[in-house]
Amino acid sequence: MTEPILTVRDVHKAFGALKASDGISLDLKPGEIHALIGPNGAGKSTLIKQIAGGLTPDRGTVHFEGREISGDTVYERARLGLGRTFQISALAMQFTVLENVVLGLVGESGSVFRFFRPVMKNPAYLERAHHALKRVGLQDHAQTKTAELSHGQRRQLEVAVALTLEPKAFLMDEPMAGLGAEGSKALTGFLRELKAEAPILLVEHDMDAVFALADRISVLVYGKIIATGSVAEIRANPEVRAAYLGHEEVEA
Amino acid sequence: MLRETHLNGLLMLALLIVPLAALALNEPFIITLATKVTILALAGVGLNLALGQGGLISFGHAIFFGLGGYSMGILASHAQSFTPLMEVPFLIEGTKLMPVIWIVAIAVSCLAALLVGLLSLRTSGVYFIMVTLAFGQMFYYFAISWPAYGGEDGLVIFVRNEFPGLNTLVPIQFFGLCFAVLCAVLFFVSKLNKSAFGLALSGAHFNAERAETVGIDITRVRLVAFVISAGITGLAGALFADLNRFVSPTMFSWHTSGQIMIFIILGGVARLYGPIAGAAVYIILEHYLGAFSDYWQIYLGLILLFVVLFAQGGLIGGLSKREAAHD
Amino acid sequence: MSTILLIEQLLNGLQFGVMLFLMAAGLTLIFGVMGLINLAHGSLYMVGAFAAAGVAGLTGSFALALIASLAAAAMFGALIELTVIRRLYKRDHLDQVLATFALILVFSEGTRWAFGSFPLFLNIPDMLSGTVMLPGGIEYSLYRLTIIGIGLLVAAGLFLLISKTRVGMRIRAGENDREMISALGVDISVLYTLVFALGAALAGLSGALVGAIQSVEVGMGEPVLILAFVVIVIGGIGSIKGALAGAILVGVTDTMGRTLLPVIFGSFMDPSAATSVGSALASMLIYILMAGVLVFKPTGLFGEA
Amino acid sequence: MTFKGIVKLGCGALGTAAAVMALATAAISEGHGGDVKIGMITTLTGGGAGLGIDIRDGFMLAVEQSGKDNIEVFVEDDQRKPEIAVQLADKLIQSEQVDIMTGIVWSNLALAVIPSATAQGKIYISPNAGPTQLAGKGCHANYFNVAWQNDNLHEAAGAYTNSAGLSNTFILAPNYPAGQDALTGFKRMYEGELAGEIYTKLGQTDYAAEIAQIRASGADSVFFFLPGGMGISFLKQYADSGIDLPVVGPAFSFDQGILQAVGEAALGVKNTSQWSKDIDNAANAAFVETFEAKYGRLPSLYASQGFDAANLIISAMGKADISDQDAFRAALLEADFDSVRGDFEFGNNQHPIQDIYVREVIQEGDIFTNKIVSTGLSDHQDIYAAECAL
């Protein structure tokens, strides 16, 4: 068995009486898409923040490539190769599309403290940025202001920025949210391609996408993982059906 | 309507021509006013780097303006009285040489900004505004009650400091010097804005979470920006003290911080040349409204309110609208 | 220094703190609910003091003067909320700072235009003048005790208002989620005007109370405004509890610093120099306190992360 | 640096005179034809505006009464900011090319403006501030003070405290140079013990802690120097504290402009001043009457000083032409005018030698005002005069 690239071990996090993470363990192995699903308020966002940084677990550890990162800051984890996309697009809206991507490259290359060279004329950056934009299909929008992009285009840009980091693992928070059927389908295909480059921990509400993409699924309910398994196993799990899927199907 | 770059060019040209015309017409006070505009604009350019580009609303930049002023005052007063600044552990003499004073002013301001920044940047948003304001008050009270350098009386320097090759006592020559400094700083800041650092700083401003997730240590970026910004404002403080041949704790007061912010808003936030337009308008208003009414500050307040509420983008934004629309 | 003097100074610190609380409460309430930083809060304090002095001068009644201070400050508060402040809620803090800074200029010079450049007279009512003997032989000003009482009553009233009443629930909801509250059908703009007027009235009340023992003059609001900022930064912005704790902490620290530091320095320095250096340090003490708090709790003692 | 340059620097202010005299004389030599241009820099907005307005009104009243049409006065507002004052001085000297300057209220502003103005050949007549630095070694032939040297009123308060038989006084002042000078001046004359000495924060408004210390100190009297709003706050709180010790202070906290704001709390307080509205001479009676008639309020100490400053200039204009600066200065030095304070003459450092009175705050109908109870110091001259080389 291959070594997991990301390991979460027995993570606890409470806000007052609310146990948002109640002994969560999971891992992400090279080459896979591991989907994390669960009803609203199950503690997905809290868990993501403990993995990506921003929240420190009360107890338990997060390891990345065998190294404990539980105490590291967001940017330190990013520099280690943890690429994250956000639930709601977190882009610098006043920037052009290209500037957002170059910002990612500046961060990735660790060349923040360069004061004189015009960064938007750096050929190495431009080449990589245009390459990333092309991969997500935004090559014609490089000079567009990000605020003027459609919702779907912003999600594409999110992924493009994540790509520039050349991450060792992706952490994607509802990348399909707000995309139409067409957009979801395109992104599904793209993620399938992407997982060969780096495994993806995918938090997603769109069940069609999850079932189409995931190699493994973990179900989070009230801060606990109640089941982990293949698509078929999860579909068949009565506990999951009771706690989550039945509910979801009614809504759908 | 004009393109913003043309407008900026015109602005700098006007700032240069007005004092030259005043020289020809023998109106030396106009030259003094233009020098004041130049120096205050420089302070604004400094703050604008932190405030406009970096989104760090510092209400304490008077600290650096004042430190720059006192760097000049202390060095020059020791030179004037021929007493060394300190003898132990090594001898430091006062000086009347502007380049040396400038370097000291920048260094002292940067050092103070490093300390103030380390503490203040632990906070953000409103906390940052209030914390910087409170640090400003701390320096202000210190300056007032510290007797060694005049306390509230401040320090009078009888003769303006020297710059090799110039007679700084001649108003137009001193203006030229300040104008050259302003141009050099504008060049430096425009380079900075376009650099990787400038992008990271704006990125941290527009979306801090994003900047962090691409691996940028935003606190360090902000700290460096705060320090550079303070250095520029400190340099302006040293020049301002030389313009008046005088320093006092007023330079540290929170009104000074507010005034520098007003230049930026009047001119247009995050526009490189904004503080120049803002400082010019402010000085003109102060000069002519003051003659018009004892209660001129009411009018100043109303004009300011109008700009903040209805004319975002300030003067430069307002006068160069068309370009923005074509963008 | 005797124990009695020490206790009296603690009481003075408490009283100073309570006065600061009245200022800080309005400031922190307005920030908590509307997310607005209001530099003109000090001007409303001044408006309260001038209104009280004006009415007391005309009628001779301190009670009417207090009512006038509340009414005038609330009225001017509502007026600037309707004309200026409400345009600022969605703006960034920079615009808020500058617009309210501009309001200070207008208020200060406007007041000078209306009332002249000389300080006004406002005195303690006869009923509350003089001193009382406290247990332990401390002779203490009745008026200052009254201020402590009023301040604590206001604090209790605010806690009740926010935790127990419907209006309070709306305020708390507004604090957490503006969208939700407007979805609930509450007319949010009316609520905001009310909250702003309430904060203004508190500032006006403290201006009037303080005006009776201080100088009623243009610009009187500025030093206290900055102290109130320090208070809410220490306490945690948006928290009434934090404002109370911060105010008392600042009040006691400042008062004890002023009295004790010169004594401490005097133990190893020449007395004149000691008073001078001690006072210099004392004037910076609360800012040092603030820096200290922020090192350990960047969002203040009761602030949310 | 040339040797000549080093010498200039060494001489400090005197060196400045040499350096800029060339520029200044060019301005002076322009024909004036007896016209006198006066530049007044004073505080007309913000805190303390009342003082500047009084000085200006007193000054303009005298100009108007003189009936002279060859006096031109340029009035500028310094906002109580020294940097602004310096720039206004530049403006008045460079643009308006005034002959005489006056008006500054505050010592720190005076120190920022006067040395450079006198070095540029302008005559400066101080209607209020009298900082120590300009009275001793820093005195200047072009600098005249018609008010007092800063220490004077405090010295008189010290002398009065002795004569009142008080011997254990508690003293306090704000922690800034004028406050430190005040306590020094008081202690110079005062012979008793000090029950305590406190420096308060400049601009402080709450004095509960200080008052508690006074109560605990066992003092038999209190001397304080707290100008403007600080004094009002202190007095109100002191009156409310129930402490019944006699209070002494310089006139600044008991002057006409602020007494109404202090109210009964000030009644009975002894304060020292070189002027009072009940000084018995014709000039003073006329001044008080015409000032009240014109401005609708009683004149203050500051108004009297502004009035005297203008009359001093007017008296010199009758004797010499401004274009002959030496003669004009000599005419000023004679001080041949009817001062509203009675006898007035200049010492060698061109600061007043004058009586300083002890006044008591009284109530006349609805108005709180002062009456003279005794003379604190007669023909008093400041101690710095001896250090002045003039």
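User: In this predicted model, what makes strand S1 (residues 36-42) of chain D and strand S3 (residues 100-102) of chain D count as paired?

Analyst: Strands S1 and S3 of chain D are joined over three bridges, in the parallel sense. Pairing requires at least two bridges, so S1(D) and S3(D) qualify as a pair. Among the residues involved, Met40(D) has Thr102(D) in S3(D) as its bridge partner.

User: What is the order of the five strands in the open sheet of chain D?

Analyst: The order is S2-S1-S3-S4-S5, with parallel pairing. Neighbouring strands of this sheet are turned against each other by 20 degrees on average, direction ignored.

User: Why are strand S2 (71-77) and strand S5 (143-145) of chain D called edge strands?

Analyst: Each of these two strands pairs on one side only.

User: Which residues of chain D make up domain 1 and domain 2?

Analyst: Domain 1 consists of 3-150 + 281-353, and domain 2 of 152-274 + 356-386. Their C-alpha centres lie 28 Å apart.

User: How many residues of each domain of chain D are in contact with the other?

Analyst: The contact joins 21 residues of domain 1 to 18 residues of domain 2. On the domain 1 side, the residues are six nonpolar, 13 polar and two charged.

Terms used: Residues are numbered from 1 along each chain as its sequence is written. Chains are lettered from A and ligands numbered from 1 in the order in which they are written. This is a predicted model: local features need pLDDT of at least 70, side-chain atom pairs count only at pLDDT 80 or more; totals for chains, interfaces and linings use all residues. Domain bounds come from an automatic or database domain assignment. Two residues are in contact if their C-beta atoms, placed from the backbone, lie within 7 Å. Ala, Val, Leu, Ile, Met, Phe, Trp, Tyr, Cys and Pro count as nonpolar, Asp, Glu, Lys and Arg as charged, and the others, Gly among them, as polar. Helices (H or I, at least four residues) and strands (E, at least two) are DSSP runs, numbered from the N terminus. Axes are lines fitted to C-alpha atoms, for helices over the stretch in contact, and angles run from 0 to 180 degrees between N-to-C directions.
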